[in-house]
Amino acid sequence: MRLFNLKTWVRYYVALLKRLGVFRFSLLLAIAIISADSALQILLAIYFDEPLSIADASRSIMIGLIITPWAVYFLTVVVGDLEEAREHLGNTVASLQEMRQKDLLKTHALEKEIIERKKSQHELVEAAILLKSFINTSPDLVFHRDLNGRFVSCNKAMEKLTGKTEQELIGLTPFDIFPADYAQQVVARDKKVKQLKQEQIHEHWLHFPNGQKAFFEVRALPLFNSESLCTGIIGFGRDITERKKYQESIEKNIRHKTEFISTISHELRTPLNGIVGLSRMLLDEQLTAEQTKHLKTIHISAITLGNIFNDIVNLDKLDRQRLNLVANNINMLDFISDLKSLAFIQTEQKGLTLQFEQQGDFPDYVEADDTRLRQVLWNLISNAVKFTQLGSVSIRCWSKPVNLDQVELSFEIEDTGIGIPENQLDKIFAMYYQVEGNTFATGSGIGLAVSAKIVEAMGGIITVSSKLGQGSTFKLSLTVNRPQTEHQEQQILADLPKLSILLVEDIELNILVAKSLLEKLGHKVDSAVNGAQALDKVKQNSYQLILMDIQLPDMDGYQVTKKLREIHGQKLPPIVALTANVFADNKMFIAQGMDDALAKPLSVKPLNAMINKLFKQEGGHQHIEPLSKKQIAQQADTLFDREMLVDLMDFLPTSVILNNILLFEKLLPEYLDVLDSNMIAKDQKGIVSEAHKIKGAAGSVGLKRIQQLAQKIQSPDLPAWWDNIDDWVELIKSEYENDVTILKKWVVANGK
């Protein structure tokens with residue numbers, strides 16, 4: 001096969017050409033061609049049996065000599081081209097092999113780089129997961145918003161605050177998750193961050209979905225890319241509620257300390273003035289040397305103690321006096337006599353003239369806090385004497401009857417002292433205020449402020465008029481009650497009319513209790529359990545009095561009253577509100593269309609007083625006094641509502657009642673947490689709302705004390721409500737577990 005292989009012959013040919021060279025190869029080729037041609041001529045002659053001529057041989061030789069150079073040239077060129085091609089191919093192959101080697105090296109490097117990149121990407125992913133996990137475990141808020149104010153990402157704390165997952169939050173703006181006013185503030189701060197490229201810090205109360213509030217310190221910072229361009233806002237929020245609570249506690253303690261020191265120092269200084277005055281008078285008497293020595297010690301000690309009190313009272317302000325007013329039967333003859341004696345002692349010490357006038361017929365007794373009233377008047381008299389160097393002090397007292405049960409007392413203290421500038425009269429009752437340029441103002445500046453608050457708490461009015469250099473006049477007016485004798489009370493009770501009463505109340509137990517009391521007093525009672533039924537019964541029947549509960553299932557008591565007045569006009573009998581808030585101001589109910597108000601549960605004395613005022617006295621529809629503190633304390637003695645529970649156990653098995661108590665025990669801590677956050681935030685609406693929940697929950701299981709405390713907490717109109725609310729909440733926290741435990745035992749012991 002190799003003999004007929006052209007490639008083999010070509011290879012031999014090329015190899016022979018290279019070995020012999022062109023000349024020798026050409027010569028050899030020529031001889032080969034001539035020989036071949038001659039051999040061919042001979043073979044042809046023999047075959048055809050013809051004679052071989054010299055011409056034919058010569059022709060063969062000539063043809064070989066002519067063809068050989070061209071054939072050799074052609075073959076040489078072909079071989080050269082082929083050789084060049086072969087060499088080029090060899091070089092190409094070498095280059096390709098070199099390139100292949102380089103590619104192998106690059107491929108290896110690329111594979112290594114890919115492995116390293118995958119490793120880096122894995123590490124980056126792990127780092128990102130770790131960072132995200134770290135951010136999610138942080139209790140602080142973390143969020144990212146773009147330049148358009150839309151959320152890009154956030155952590156778990158932000159999800160908890162908004163009640164939305166990160167995916168739900170993405171694309172939303174502050175207006176989609178925050179109240180409009182706060183969202184507007186956020187947008188404005190973000191704009192400022194982008195403009196100034198500086199951190200902005202603010203503090204704000206934020207709301208959780210469950211109603212709980214937390215006080216956050218929120219930081220917004222610009223987020224920059226690698227080219228230092230702001231690409232968005234990154235924010236952090238830290239819950240500083242505890243710090244806020246601690247600050248509030250500190251401020252409250254400081255305020256309480258201020259109130260305590262101010263009140264005690266002022267109240268002690270008032271009787272101390274009597275000690276100073278009396279001791280000075282005794283020093284003018286004929287005494288032994290030892291008595292004089294001891295008396296001087298008393299006198300100097302009293303003056304020193306007064307100066308110490310003045311130095312102690314360097315507090316910032318007195319926000320509100322927590323005055324405990326105690327109404328006593330004041331003997332007006334003795335009271336005015338004491339007032340006159342004190343004024344005489346003080347004016348005599350400075351050589352001033354005392355003018356004391358008493359006008360009108362004073363009742364023998366009035367009901368008022370004699371200590372507080374005396375404190376105010378003594379302070380006014382002491383100031384009049386202190387700021388008068390020459391001249392006189394005039395005291396005028398008069399009384400004027402308001403009605404059969406009340407009388408208006410008025411006291412006017414006038415002096416001829418230094419007076420008060422007109423532009424400072426409106427500031428004279430401010431805490432720590434002293435008249436500018438007054439060289440006689442050596443006190444703390446709290447006397448008139450405390451006096452004004454006492455008078456306000458007693459329902460009175462204190463005013464001042466003055467002319468600079470001529471003197472000042474302080475006037476105190478106070479309406480007080482005439483105390484009734486036991487005989488008078490019995491006579492009033494005997495004379496009370498027996499009424500036809502409509503009781504509008506939706507709770508069956510309350511209807512039973514109120515109806516029993518009213519019928520025992522001789523009244524005829526009908527009842528309605530909702531507003532619609534009340535409207536229908538008033539339309540069909542004639543009543544002399546309507547007792548209206550405020551909270552009804554279909555409409556509130558105010559709405560029912562409004563509709564009744566629209567329908568019946570002047571023919572409608574008096575409507576008296578029934579409220580569980582024993583401290584509520586009757587003015588609030590009267591402003592809503594009621595004629596008066598009574599506290600629940602009904603009590604005989606307030607009920608009779610209301611009937612007496614509405615049906616016997618002239619100028620009816622007067623306000624009744626709220627229950628006394630003694631009555632409130634008696635209501636709080638009982639931990640739970642036994643009567644309601646007894647009725648409840650007639651319908652429900654013991655296990656159901658106990659389950660309800662357990663549910664209350666579980667929910668109350670959550671309610672208290674939300675209530676605490678609202679208190680720290682000073683959110684009155686939130687406090688009232690959460691306290692209402694607690695009141696309803698406590699009432700549903702019969703926990704009367706907790707229900708009453710919650711009622712107080714949800715009643716911001718109570719006197720000194722804000723000052724007392726902490727105590728009420730703490731009382732619930734400290735006592736509810738004990739109340740629940742006792743209630744469980746009672747239910748088990750009395751259940752069926």
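Reply: Lys-244 lies over the face of Phe-215, 4.8 Å from the ring centre; a charge sits over a ring if NZ of Lys or CZ of Arg is within 6 Å of the ring centre and within 35 degrees of the ring normal. This is a predicted model, in which local features need pLDDT of at least 70 and side-chain atom pairs count only at pLDDT 80 or more, while totals for chains, interfaces and linings use all residues. Residues are numbered from 1 along each chain as its sequence is written, and side-chain values use heavy atoms, with hydrogens and water left out.

The chain has 23 helices and 17 strands; helices (H or I, at least four residues) and strands (E, at least two) are DSSP runs numbered from the N terminus. Of its 752 residues, 41% are buried, where buried means under 20% relative accessible area, exposed over 50% and partly exposed in between (1.4 Å probe, protein chains only). Among contacts with a separation of 6 or more, 64% join residues 24 or more positions apart, a contact being heavy atoms within 4.5 Å.

The helix in question is H21, residues 684–701. The expected span of a helix is 1.5 Å times one less than its number of residues. For the 18 residues of H21 that gives 26 Å, and the end C-alpha atoms are 26 Å apart, so the two agree.

Just after H21, Gly-702 takes a positive phi of about 85°.

The buried residues of H21 are Gly-686, Ile-687, Glu-690, Ala-691, Ile-694, Lys-695, Ala-697, Ala-698, Gly-699 and Val-701. An α-helix has 3.6 residues a turn, so residues three or four places apart point the same way. The cover over the buried residues of H21 includes strand S4 (213–224) and helices H19 (642–651), H20 (654–680), H22 (704–713) and H23 (721–750).

S4 leads on to another feature. Ser-228 is in the loop between S4 and strand S5 (230–239). Its phi is near 65°, a positive value in a residue other than glycine, and at 53% relative accessibility Ser-228 counts as exposed. Lys-197, in the loop between helix H6 (180–196) and strand S3 (200–207), also has a positive phi, near 55°; Lys-197 is partly exposed, with a relative accessible area of 42%. Most residues other than glycine have a negative phi.

Aromatic pairs come next. Rings of Phe, Tyr and Trp (its six-membered ring) pair if their centres lie within 6.5 Å; planes under 30 degrees apart count as stacked, over 60 as edge-to-face and the rest as tilted. The count by this rule is five. Phe-178 and Tyr-182 have ring centres 5.1 Å apart and planes at 80°, so this pair is edge-to-face; both residues are buried.

Finally, the cysteines. The structure holds zero disulfides, a disulfide being a pair of cysteine sulfur atoms within 2.5 Å. Cys-230 is buried at 16% relative accessible area, and Cys-397 is buried at 0%.
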